[in-house]
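Good morning, and thank you for coming. I would like to go through selected helix contacts and local backbone features of the model on the screen.

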Amino acid sequence: MTSLNLLPLFLVLLPVLASLAIALGAPARKTALVTVLANLGAVLVLALSMPSTPGYHFVSSFPCIALPSFFEINFTLGVDGLSLAMLILTSVVSVAAVAVSPKNVRREAEFYICVLMISCGALGAFLSLDLFFLYVFHEVALIPTFLLIGIWGGLDRRYAATQMTIYLAAGSLVLLAGLMAFYFAMPEAGRSLDLRQISITLADDPFSAGDQKIIYPLLLAGFGILISLVPFHSWAPAGYASAPAPAAMLHAGVLKKFGLYGLLRLWVPYLPEGAEMWVNVLLVLLLANVLYIGLVTMAQKELNLMLGFSSVMHMGYIFLGLASGNSIGLSGAVVLMVSHGLTAALLFGLASVIREKTGTSTLADLGGLATKAPFLSFLFIIGALASMGTPGLGNFAGELLIFFGAWKSYPEATFLAVWGIVISAIYTLRAVRSTFYGETRAATEQVQDFKGVIDAWPYLLLVALLLAIGLQPQWLIKMIEPAMQLIAPL
Amino acid sequence: MLITVFLHPLKKVSVFSSIAACAVSFAGSVLIFAQQGQAKLSALEWATLPGLKITIGGMADPLACLMLLVVTGVGLLIHIFAYGYMKEDPGLSRFFAKLSLFMFSMLGIVLADNLVMMFIFWELVGLSSYLLIGFWFQRPSAAEAAKKAFVVNRIGDFGFILGIIAIWALFGSVHFDELKQIISSRPDLVNAIAPGVLTLAAFGLFMGCMGKSAQVPLHVWLPDAMEGPTPVSALIHAATMVAAGVYMLCRVFFILELSVSALQLIMWIGAITSVFAALIALQQNDIKRILAYSTLSQLGYMVMAVGCSATTEAMFHLGTHAFFKALLFLAAGSVIHGLHHEQDIWKMGNLKKYMPITFATFLVGTLALTGFPGLSGFFSKESILFVAYHKNIAVFAIGMFTAFLTAFYMTRLFVVAFLGRERTEDVAHAHESPKVMTIPLMVLAVLSVIGGFIGMDHYVGHHAVEHDAGGYGLVMGLSILCFLLGTGLAWFVYHQAEEEPCQLSIFKVLRDKFYSDEIYEMCLVKPQAGFGQSFGSDRSLAGRWFAGPFEQHHCLRWR
């Protein structure tokens, strides 16, 4: 075991240690910032020293609980191309989220501990090779999210936090049921919680069609609630609208992707017959995500709600990529997961800056911000362009690959889903037009722009990565493609 | 090479680097043109997956060379003109940055060696057009027009991307070279494809053109796009970007050609657009809008030509149209500049006295557009009508009628704005524009005159119909007749008119643009707003089922 193998452990432990330090009285903001920057550095080291062979690397394992002949839980961490892409997303968004956190927040220590714990939970979930810890780390991340919304949230924070808690807790329970069904459906000899062992077991002895028929919808519903698949989506827009900036950025940007990550790990590769049986249901649901939610998004009158619904809508595209079942569509889905995470973080962050500076997020009260705050507007418009799939930014590459891949499997559904690019252009440009263009209003009269790079660097960081993916997606595709080859059932 | 030059001004925003970059790429285009070789840029992987390979690469075949010359040549002149036009605007460097982004993306379309790259630059061109139309974003009308342009273009792009994907699914490649090779070497593969599928794929590609080249029914954005600064209207919405649709059709013609019904459809849409727009142009009063509808109509000609398999003629007309329409728009810009942003032709009159150079160049542009024998427009329009005569007599008749209408509305515009008597006092204070604006006008005027003699024959492939096929004299005679009739009639009606003499209700329909905007409003915007009212809060479906029961508890009440 080289020292690099301990790097994943370092990633997970550092935020915990930093939280302890903050609880003991270390300066909260500075400690948090140093922590997330150190994690970003560690992820970069991992990315640069990653071998190009498929499979998991930098594995470290610590036995935890062993009940012989029943189950065995090991604290196993490891990285493959897919998790590496998610780690890059998590660490970059974490840096941005901590950096944009308000400087004079009440209960500062608790606030930053919550933010760090979300980051820790997300990193842990993406690093865990053990199903138990995969699940637990996600819960670790969810609890501080509820706290952030419930305590530091804006308008309707109690409603939003409660609704979100009920939904996500219900989702987690369904998911737990699904995971248990998954575990017990495996043949007894090869039964394991370890992702590596699971793939070996199921390669030799796949699930029976009857088992797949039950496990498939359970996992879909469980993960689907976390991802805001229609009709389990209504927690998301309200929750994001009232969440404080870092919570919205980390949840919409990173945690929501956990559900998709879980689907990619367990649901896409091992349940091809279940997929065949349920495909029509899935296609209807994901088209509802794109088209129905798209139309709902068009009708929004609040900037934050608009962003919330738009983020729900884009999940439909990612589902389409997952449904395609070929490596083009799946790679596109992952590219879009990363890009959407960056975009969501960028837009939610900037929207809360706008709300802070103008005191409103109602579109009708905004206007003319491009005159008063050109730099802020420039950044937001880049985010908006990314979100509507403009070439040169990452989302376009993801959507394009998804459409290519999905056309191979389901041309009719793809035909309908592509209408989404028209819908998203309409609502995005409408929001941009009423927020930034036109005459200034009472609310936007006194707005101060960002003072150069000092205020804007967290957003610039997100934009830079979006551009890097959009201009030349090949580096990201090369990173994830070996993993996708193993996952793609077709 | 060209592209790196063009990225530069984006970073170091300044007028002169922008103009210089334009000049350099013009020189580069001339160089490539002179070599006449198949220049190829090295390819970089953009996305490679099993079964799908997309590279960043460029190619300059004769078709691209021609387009390069037009884009960079006209672009350079318009850049220079724009400096004079926009000198006093506080957003000057923002303007030139956006203009450079446009030039970059436009050259990207021209040079792209595969469909996906073309689509990427296609969208970027749409984006820069959005930014430039909305350049004066404080004005609500400009902000709305920009949004409308982008959304309508997106509808076209929706078809384009599906077309690309369908082509890839059918032939397994998105690269022009590979596609050409597959189609020519594997007739069995082509024959195995159901004709309906191929037609749909070809129609998808054509939808992209319908959006960008503003063909009916996706034409509604172009007239509104005139909210942008006039040099932008000249460069993007007359000479280059809107012609990209036609260029794309010529580029993928080897695919379109496989489907006869797709070509038929393209021909008819082009013909309908040309006459539809020309009719509307008869009764517009805004100088830029008349020119905008005229652009629509001329684009209709080009699309019609492609539908008649006459790509050479389409490109020929594209080139000459770029010269004289850029000239007309810039001259109109000079008028607007001289009159302090007055655009209503009924508030002008006798401008020949105050703006002699603008007057003279506008006259040249008008004559070229209306098909005065010997000028560039005459030859290119002639060649299209000649092909139409052999392909489909009904389309030929429509084309002739449009030629008559063109002569009529342009003469109306010219007579009302430049001749007669000053209708308002402001006209008397009009002044000729500075040299930085008039020199590009003069260069373009020369090009509009001689453009017809530059033989394009041996650059863009074959002729659809050989010249000795007969009827040449008849077509020429008829078009000269149309020109004379249109001009004469308009002269007769307008040369003494103080206000619009045509007040019949039928003309009101034309003035109101056949109610296109209203139809869109009724069919799309209203139902969507209704949907928004009923589902906007999204609490009717999932919200009620899932959160509904909990809502009884007061701790959970909504607000």
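In H15(B), the residues B:Gln298, B:Tyr301, B:Met304 and B:Ala305 meet B:Lys381, B:Ile384, B:Leu385 and B:Ala388 of H19(B). Please bear in mind throughout that this is a predicted model. By class, this contact between H15(B) and H19(B) has six nonpolar residues, one polar and one charged. Helix H15 of chain B covers residues 287-307 and helix H19 of chain B covers residues 376-391; their axes come within 10 Å and cross at roughly 45°. With that angle, H15(B) is oblique to H19(B). The crossing of H15(B) past H19(B) is left-handed.

Let me turn to chain A and a second pair of helices. Helix H1 of chain A, residues 7-23, and helix H4 of chain A, residues 108-127, have axes that come within 9 Å and cross at roughly 165°. An angle over 145 degrees counts as roughly antiparallel, and H1(A) is therefore roughly antiparallel to H4(A). Here too we have a left-handed crossing, of H1(A) and H4(A). On the H1(A) side the contact includes A:Pro8, A:Leu11, A:Val12, A:Pro15 and A:Val16, while among the H4(A) residues are A:Tyr112, A:Ile113, A:Leu116, A:Met117 and A:Cys120. What is the make-up of the contact of H1(A) with H4(A) by class? There are 16 nonpolar residues, two polar and no charged ones.

A:Arg107 lies in the loop between helix H3 (81-100) and H4 of chain A. Although A:Arg107 is not a glycine, its phi is positive, at about 50°. Is this arginine buried or exposed? With a relative accessibility of 51%, A:Arg107 counts as exposed, since the cut-off for exposed is over 50%.

Helix H6 of chain A (residues 157-185) packs against helix H10 of chain A (residues 245-270) at an angle of about 20°, and the axes are 13 Å apart. H6(A) and H10(A) are therefore roughly parallel to each other. H6(A) passes H10(A) in a left-handed crossing. H6(A) contributes A:Met164, A:Leu168, A:Leu179 and A:Phe182 to the contact, and H10(A) contributes A:His251, A:Leu266 and A:Tyr270. Of these residues, six are nonpolar, one is polar and none is charged.

I move on to individual helices. Helix H13 of chain A, residues 327-358, has 32 residues and spans 45 Å from its first C-alpha to its last, close to the 46 Å expected at 1.5 Å a residue. Because 29 of those 32 residues are buried, H13(A) is largely enclosed by the rest of the structure. Just after H13(A) comes A:Gly359, with a positive phi of about 80°.

In chain B, helix H18, residues 356-370, has 15 residues and reaches 21 Å between its first and last C-alpha, close to the expected 21 Å. Its buried residues include B:Phe359, B:Phe362, B:Gly365 and B:Leu369. Just after H18(B), B:Gly371 takes a positive phi of about 90°.

Another positive phi in chain B belongs to a residue that is not a glycine: B:Asn350, at about 55°. B:Asn350 is located in the loop between helix H16 (311-338) and helix H17 (351-354) of chain B. At 10% relative accessibility, B:Asn350 counts as buried.

Next, the cis peptide bonds. In chain A, the bond from A:Val230 to A:Pro231 is cis, with omega near 5°. A:Pro231 sits in the loop between helix H8 (209-227) and helix H9 (235-242) of chain A. In chain B, the bond from B:Val216 to B:Pro217 is cis, with omega near 5°. The loop holding B:Pro217 runs between helix H9 (195-212) and helix H10 (221-224) of chain B.

I finish with one residue that has contacts in both chains. B:Arg154 belongs to helix H6 of chain B, residues 140-171. Its relative accessible area is 2%, so B:Arg154 is buried. Which residues does B:Arg154 contact, leaving aside its neighbours within four places in sequence? From chain A they are A:Met388, A:Gly389, A:Thr390, A:Ile421, A:Val422, A:Ser424 and A:Ala425, and from chain B there is B:Glu123. Thank you for your attention.

Conventions:
Residues are numbered from 1 along each chain as its sequence is written. Chains are lettered from A and ligands numbered from 1 in the order in which they are written. This is a predicted model: local features need pLDDT of at least 70, side-chain atom pairs count only at pLDDT 80 or more; totals for chains, interfaces and linings use all residues. Side-chain values use heavy atoms; hydrogens and water are left out. Axes are lines fitted to C-alpha atoms, for helices over the stretch in contact, and angles run from 0 to 180 degrees between N-to-C directions. Helices (H or I, at least four residues) and strands (E, at least two) are DSSP runs, numbered from the N terminus. Angles under 35 degrees count as roughly parallel, over 145 as roughly antiparallel, 65 to 115 as roughly perpendicular and the rest as oblique. A crossing is left-handed if the near helix is turned anticlockwise from the far one by less than a right angle, and right-handed if clockwise. Contact means heavy atoms within 4.5 Å. Ala, Val, Leu, Ile, Met, Phe, Trp, Tyr, Cys and Pro count as nonpolar, Asp, Glu, Lys and Arg as charged, and the others, Gly among them, as polar. The expected span of a helix is 1.5 Å times one less than its number of residues. Buried means under 20% relative accessible area, exposed over 50%, partly exposed in between (1.4 Å probe, protein chains only).
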